[in-house]
Amino acid sequence: MELIELSEGRARFILRGVSPAFANAIRRACMAEVPSLAIDEISIYDNTSVLFDEQLSLRLGLVSIKADDLGLFSVPEECDCGGAGCPGCQVGMTLSAEGPCTVHSKDLRFGDAGVKVAFEKIPIAILGEGEKLMLEGTVTLNRGTVHTKWQAGTQCGYKNLPEIQIGEGCDGCEKCVEVCPRDVLVMGEGGGKPLVTDPTSCSICKLCVGECEVGAIKVVPIEDVFVMKIDTDGSISAKDLVEGAAAEVKRRASSLSQQLSGLA
Ligand code: SF4
Ligand code: SF4
Ligand SMILES: [Zn+2]
């Protein structure tokens, strides 16, 4: 593994010597198998805004919520309380507002000081003069396989790393440089053949290949090398998401191995 970029919300890295199935397993686990927090159930006591209760519920469900220590929470079905609801699997949430104002995600109040919204400026509703919102609900931990509101990985994808070869037949016409939409190719100081800047940015569109009249450029995907790009919804860091996904793939592989050895 070779890290290209790591920020709170994004990880880009190269995986070498793996199959497409393995790269896809990591991607899928990032999308749906790593638990995150989301507002689950709400009780609406007052809603005189222009939004229907269902629209309000949907918006609240999609607000990304993070915790200082996510490890303190369990998925309800896996909690010691058996899913009945306790501080280990449930956090209370309230929202109370009166117009005129715009209600934002930062106006949500949580029963645990370590739980907060990932982004404070998500608009929930615009309240006119005298319009009110009053509701309470619960935040729970769960997986994207149960509902997309618990899907911590948003844009998760992979592609083969390409090998870009420029042969001796190149006459330096620059056409491939001009056509490349990602600026992967540049001409060197003294002219000559184009240089490859960053092959991880190449989308393997092969526009450069089509433009080269002398057939001097080749873009060949390397079959067992993948560029992974993982974005999160802010409820969990990209590092924790990828680590969680790898642990989940490992756990499943161990479980399968155990079951297979039991058959032998
Ligand atoms: S289009 Fe072909 S000939 Fe022209 S610079 Fe690119 S590789 Fe060389
Ligand atoms: S395949 Fe597409 S992105 Fe890659 S170098 Fe060629 S034109 Fe650029
Ligand atoms: Zn519990």
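Buried means under 20% relative accessible area, exposed over 50%, and partly exposed in between, using a 1.4 Å probe on protein chains only. By that scale Ile204 is partly exposed, with a relative accessible area of 21%. This is a predicted model: local features need pLDDT of at least 70, side-chain atom pairs count only at pLDDT 80 or more, and totals for chains, interfaces and linings use all residues. Residues are numbered from 1 along each chain as its sequence is written.

- Ile204 is found in the loop between strand S13 (194–196) and helix H4 (207–211); helices (H or I, at least four residues) and strands (E, at least two) are DSSP runs, numbered from the N terminus.
- Phi of Ile204 is near 60°, a positive value in a residue other than glycine.
- Lys206 lies in the loop between S13 and H4 too, and its phi is near 65°.
- Lys206 is partly exposed, at 39% relative accessible area.

**Ligand shells**
- Residues around ligand 2 include Cys180, Cys202, Ile204, Cys205, Lys206 and Cys208; such a residue has a heavy atom within 4 Å of the molecule.
- Around ligand 1 stand, among others, Cys170, Cys173, Cys176 and Cys212.

**Helix H5**
- Helix H5 (residues 238–263) has 26 residues and reaches 38 Å from its first C-alpha to its last.
- Ala238, Leu241, Val242, Ala245, Glu248 and Val249 are buried in H5.
- An α-helix has 3.6 residues a turn, so residues three or four places apart point the same way.

**A cis peptide bond**
- The bond from Gly99 to Pro100 is cis, with omega near 10°.
- Pro100 lies in the loop between strand S5 (90–98) and strand S6 (101–104).

Conventions
Chains lettered and ligands numbered in written order. Heavy atoms only, no water. Expected span 1.5 Å × (residues − 1).
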